[in-house]
Amino acid sequence: MDALFLQVLNGLDKGGAYALIALGLTLVFGTLGVVNFAHGALFMAGAFCAVTLEKVLTISTKVKDESITFFDAYKEVPILEAKFPVVGAFIVDFSVPFAILLAIPVMLFLGLLMERGLIRHFYKRPHADQILVTFGLAIIFQEIIRHYFGANPIPQSAPSMVSGSANIGALFGLGENVVYPWWRLIYLTFAAIVIASVFAFLQFTTFGMVVRAGMQDREMVGLLGIDIQRRFTIVFGMAAVVAGLAGVMYTPILPPDYHMGMDFLVLSFVVVVVGGMGSLGGAVLAGFLLGILQSFASMNEIKSIIPGIDQIIIYLVAVIVLLVRPRGLLGRKGVMEE
Amino acid sequence: MKNSSALSDWVLFLAFAAAVLTMPLWLAPFGANYPDLMQKFAIFGVFAIGFNILFGLTGYLSFGHAAFLGVGSYTAVWSFKLLSMNVLPAIMFSIVVAGVFAFLIGYISLRRSGIYFSILTLAFAQMSYNLAYSVLTPITNGETGLQLSLSDARVLDAMAGITVTRSLPSTNLFGMKMSGMPGFYFCAVVLIVAFFIALRITRSPFGAMLKGIKSNQTRMAYTGLNTRPYLLWAFVISGMFAGLAGAMMAVTDPLAGAERMQWTASGEVVLMTILGGAGTLIGPVLGAALIKYFENIFSSFNERILNRAFEALPDSIQSIVVDTVGLFVGEGWHLTLGLLFMITVIFLPGGIMEGVRRITALFDRDKSGSSSAASNTAAAEHS
């Protein structure tokens, strides 16, 4: 029981990342009708916003090490910490959460630039062309990151306040040994909040209403005299921000490297397909579902029955869903069923 | 390819064969006439030709073709280990196994089209890749890659009385070692044969069916034709080509690793085909050769060479130029590749062959003065 509960939690935080990326992916597909293979690169770009901020904050100077008295020893201390001991240390410690503030404008800018500069020329082109051009863009993103940050993963640490584990077993009346890292719980909450706010935005604002109307029937909304194109561009920027935030917050869980975008992209695509192309609820549901399935499949008990199942479970599910119910779990009838 | 009469096809084929066989001569000025690189040209040429039979003719974009390449490589190395160092059985087994593998994947994937087909093939390729890395380690030797060893059985070789004691045996064709120039000529002959087969397929009624599927599958279905078997055969044939390419890789360098099956490898062959011109005969080979050539040239550059190249510039400008150019060469070669990819898709979706056609059409117009005729033929050929 305890083990099962832990696996569900494990699956949920991975599922959170899948859901966030898939949400943006399907948002872009639903509005612009574009298959964006560079969406994983946006996730990675977000993660590297966190890395950049941490690097900037910890630009160091040499300071005399007082704890060593036999000889003059120096240690590296971030300038910020040397100048403002308390506030500086706090900011450095919380570099990942602070990176959110950096990531939002950066990702928004990146998203708008990408849409205006490239994607809009591809609305009318076949899906194959869209896949290919965004695939090329993803390679470029990836190589730029590798050029500046190197090929090795760069570990990021969560704030020390929440670096430990939560004893959630006691909370739910389970065993004492059910512990779970705080940061993963935070990530889960964060993912839930972001998803909820995207849905709320689309559901309860006029802007969101127009966007939803545009997803239903773009031409009609255009005929009503609404510049739907501009709103869709903003939606693309929003999707980029969501992917970026997912990346920022994921850095303490998985040290970012230059190919993390590609790794997550393939999985997120599978998630979108399972959930249903263009269905927002489907993307979120499938994200969490596949995350949990994957974490169950990597349990030793299951691996001993079907070896290797943890490696392929997601793809297997996708294959089955595509063959049995091609529109996906929550997909609308007739959307991309061919 | 102005007209598809039998004669002009033969001319095309002979010209192609002559060009491939004389590569060592005419590639000398480019500094690309050494066997390793030319072998790569031929191997990836075969891979791209095969990919083009699926993508170019039917328009189905597979993002998992590297899986067949990997399967071909593994099969070939196993054939070297168990049967014989002779390359012929290795190649035959690779083609057969890759074909069977392609049949299984194709049977399922082809139930969908468009982007779903791409994602299904991608999913299967990733599954194969992940499995090759993990539970299939007894067959694939996991991360290390499958290699030859002295203790291999090599049943057929043993029967023929060939034993090795000291050093690892090398692949051969009835005693002729498949390294260096002989290796290249072997690959070249395979490439020419592959090209010939592709040419015949394109010109056959079967090829016409495939093109019909590409231009309008619904209409094909309405004429009472079941398109699925045609697509499946196209998929299997193109998988066999990929298996053949994988076997050739193992022939020139007898080891096989899972990274050959990764989806970036699948992306590479897509790029080659697009760059050269999907749907054309020469295009994919051209694209493959160009990419391998540039990869070789660009990735060999380093800062020292760049500094020497821009020595004439003033120091401050030199360092800026070297830094900028350095982004695109050496390790950053993939950046150039991505850029090339985007530029091709954006400006020249028909690839180099379309570029050539546009230019010749331009000259034709000047000569004949009937611009409509030239553009008409160009449009007809494009479809």
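A: Begin with the residues on each side. This is a predicted model, and in it 35 residues of chain B are in contact with 30 residues of chain A.

Q: Which helices of chain B each supply at least two residues of the side that touches chain A?

A: They are helix H6 (114-133), helix H13 (263-276) and helix H17 (333-347) of chain B. H6(B) gives the most, with 12 residues.

Q: How do the residues on that side of chain B divide into nonpolar, polar and charged?

A: The side of chain B that touches chain A has 23 nonpolar, 10 polar and 2 charged residues.

Q: How is the size of an interface often given?

A: It is often given as the accessible area lost when the parts come together. For this pair, the figures above are residue counts instead: 35 in chain B and 30 in chain A.

Q: Which residues touch the most other members of the largest nonpolar core?

A: That core has 210 residues, and the residues in question come from both chains: Leu23(A), Val270(A), Ala318(A), Val46(B), Phe47(B), Leu244(B) and Ala245(B). Leaving out residues up to four places away in sequence, Ala318(A) touches Val270(A), Val273(A) and Val274(A), as well as Ala123(B).

Q: How many helices and strands are in chain A?

A: Chain A has 15 helices and 4 strands. Its radius of gyration is 22 Å, close to the 20 Å that the globule rule gives for 338 residues, so chain A is as compact as a globular protein of that length. Buried residues make up 46% of chain A.

Conventions:
Residues numbered from 1 in each chain as written. Chains lettered and ligands numbered in written order. Predicted model: local features only at pLDDT ≥ 70, side-chain atom pairs only at ≥ 80, totals over all residues. Rg over C-alpha atoms; globule rule 2.2 N^0.38 Å. Buried ≥ 20, exposed ≤ 12 C-beta atoms within 10 Å, placed from the backbone. Core = buried A, V, L, I, M, F, W, Y, C linked by C-beta atoms within 7 Å. Contact = placed C-beta atoms within 7 Å. Nonpolar A, V, L, I, M, F, W, Y, C, P; charged D, E, K, R; others polar.
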